[in-house]
Amino acid sequence: MRKTDHLSYDELQARYEEAYTMLMTLLDNIPGGVFSYFAETGKFDFVGDGLLSIFHCDEDTFREHFYDSFELMILKADRKNTKEQLEEQIRFFDSAELTYRVQDFMNEGQIIWLNHRARLLRGSDGKERYIVVVSDITDQRLIQDEVQRMNKMLYIETERYKLIEAVIEETQFDFDVRADKVMYSIRNNAGEPQEIEQFMQNNQARHIVHPEDYNRVNVHLVKALLEPIKSEVDYRSKNLTGEYVWYRMTYASLADENGVITRVVGIMKDITDEHAAQEAINQELKLDQMTGILNKMSTQEAIEEYLTICHAEQKSKQALFALDTDNFKAVNDTLGHQFGDDVIRFVAKTLRGAFKESDIVGRTGGDEFMVLMKNTSPAVVEERAHELNRLMTRTFTKDGKAVSITCSIGIAYFSAEAAHYAEMFARADQALYCAKESGKNCFRIYGDKQ
């Protein structure tokens with residue numbers, strides 16, 4: 001007989017109220033807001049106080065204003081994109097992370113940016129619901145928008161140089177089409193103006209422009225020689241020391257009275273530092289902020305791009321690892337979420353150290369990770385999987401409390417039947433499920449009898 005069989009109705013009621021109070025306290029202390037809605041209808045199921053505080057209203061007002069619909073809560077301009085992003089992520093994962101705008105209808109329609117983290121779950125009633133945690137990232141977006149605005153102003157400022165057709169001395173280069181000679185304002189080591197003769201005849205551009213940028217530059221050059229135009233192009237070219245430097249070339253082609261192009265004049269600006277800074281920003285946007293490895297979308301994009309090359313070149317020695325951290329929930333519940341973050345960083349660091357720099361390593365969810373192992377073999381794959389199971393077996397302690405973690409791994413190989421990300425992920429995910437069903441702290445390979 002269970003211990004609760006001896007409890008009176010009043011005692012059971014008191015326990016229920018205590019548990020409910022604890023749950024509400026937990027929800028109220030989650031940063032941001034919590035809500036859930038039905039996947040099929042989009043109707044709200046649960047609306048937490050945190051979400052209501054973002055809109056500065058009570059639940060009845062909230063539901064009435066948005067007709068109880070999650071879609072209508074989103075700013076109209078963002079609905080289509082939000083829906084597409086959600087559907088795309090849910091195709092491969094049971095969780096999603098996206099951002100969108102809403103309007104605070106209680107505060108003169110002020111725009112609020114929300115970060116949306118959702119997980120799709122099936123309830124005891126058989127209905128699928130999205131459980132969502134949102135946080136207000138308006139201040140962060142305002143800072144980003146201001147940085148973008150300043151970058152745009154900086155770009156405009158750097159492009160203020162005007163081409164002056166009549167004063168050749170003020171241009172940094174002058175291509176005399178009839179003489180087939182380019183004169184530069186920069187000087188060589190002897191102090192003489194640099195010039196290149198037989199520029200078109202000897203296709204000199206191919207010798208000084210970076211091979212990856214040559215076709216793009218050549219398209220601009222051909223257009224400039226066909227008709228009078230003004231334009232610009234970014235590319236890499238050799239400097240006086242023979243090193244490749246990023247330039248932004250702003251140019252104009254000039255015609256005589258018969259419409260024949262006689263000169264192409266312009267200015268070249270060294271944008272190496274600017275390009276490096278932009279590349280650093282682009283790279284940062286691809287990374288998971290907590291761990292420094294690729295985030296979910298960047299992981300998928302990198303794997304898809306590489307598999308496309310493998311398919312075209314008929315390469316087949318690739319293996320996809322889908323990895324879950326076992327017992328991670330116990331870490332958060334027992335040691336706290338801050339400690340849980342440390343565990344996530346430990347897993348990411350371990351993965352980076354276990355694989356080659358050329359392999360693709362990313363975080364695809366809370367405690368979920370993915371690795372594409374390139375140019376490998378079954379023996380190396382199994383050896384690496386065993387090593388990961390060993391490295392990930394770790395006990396964490398805090399204030400006398402201890403929690404042990406392990407990892408479960410699902411592995412799928414690139415093949416004619418699984419030549420794209422979707423197929424490989426589905427197989428690795430199925431193998432991961434088998435690993436968990438086998439008691440966790442192990443790996444399973446798709447297609448193996450075990």
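The lining of the second largest pocket consists of 20 nonpolar, 6 polar and 3 charged residues (nonpolar: Ala, Val, Leu, Ile, Met, Phe, Trp, Tyr, Cys and Pro; charged: Asp, Glu, Lys and Arg; polar: the others, Gly among them). The model is predicted, and its local features need pLDDT of at least 70, side-chain atom pairs pLDDT 80 or more, while totals for chains, interfaces and linings use all residues. Residues are numbered from 1 along each chain as its sequence is written, and side-chain values use heavy atoms, with hydrogens and water left out.

Select Tyr184, Ile208, Tyr235, Met249 and Met268, which lie nearest the centre of this pocket among its 29 lining residues. Elements giving two or more residues to the lining include strand 7 (181–187), helix 7, helix 8 and strand 9. Helices (H or I, at least four residues) and strands (E, at least two) are DSSP runs, numbered from the N terminus.

Next, select helix 8, residues 211–226. Its 16 residues reach 23 Å from first C-alpha to last, close to the 22 Å expected at 1.5 Å a residue (1.5 Å times one less than the number of residues). Asp213, Tyr214, Val217, His220, Leu221 and Ala224 are buried here (under 20% relative accessible area, 1.4 Å probe, protein chains only). Their cover includes helix 7 (204–208) and strand 10 (244–255).

Now move to strand 5, residues 128–136, which runs antiparallel to strand 1 (residues 33–38) and is joined to it by 6 bridges. Valine 34 stands opposite valine 133. Strand 5 also pairs with strand 4 (residues 110–122), antiparallel, over 9 bridges (pairing needs at least two DSSP bridges). Leucine 120 stands opposite tyrosine 130. Finish at glycine 126, in the turn of the hairpin that strands 4 and 5 form, where phi is positive at about 85°.

How values were computed
Buried means under 20% relative accessible area, exposed over 50%, partly exposed in between (1.4 Å probe, protein chains only). Contact means heavy atoms within 4.5 Å. On a 1 Å grid over the protein atoms alone, a cavity is a set of points where a 1.4 Å probe fits but cannot get out, and a pocket is an open set with protein on both sides within 12 Å along at least five of seven lines; lining residues have an atom within 4 Å of a point.
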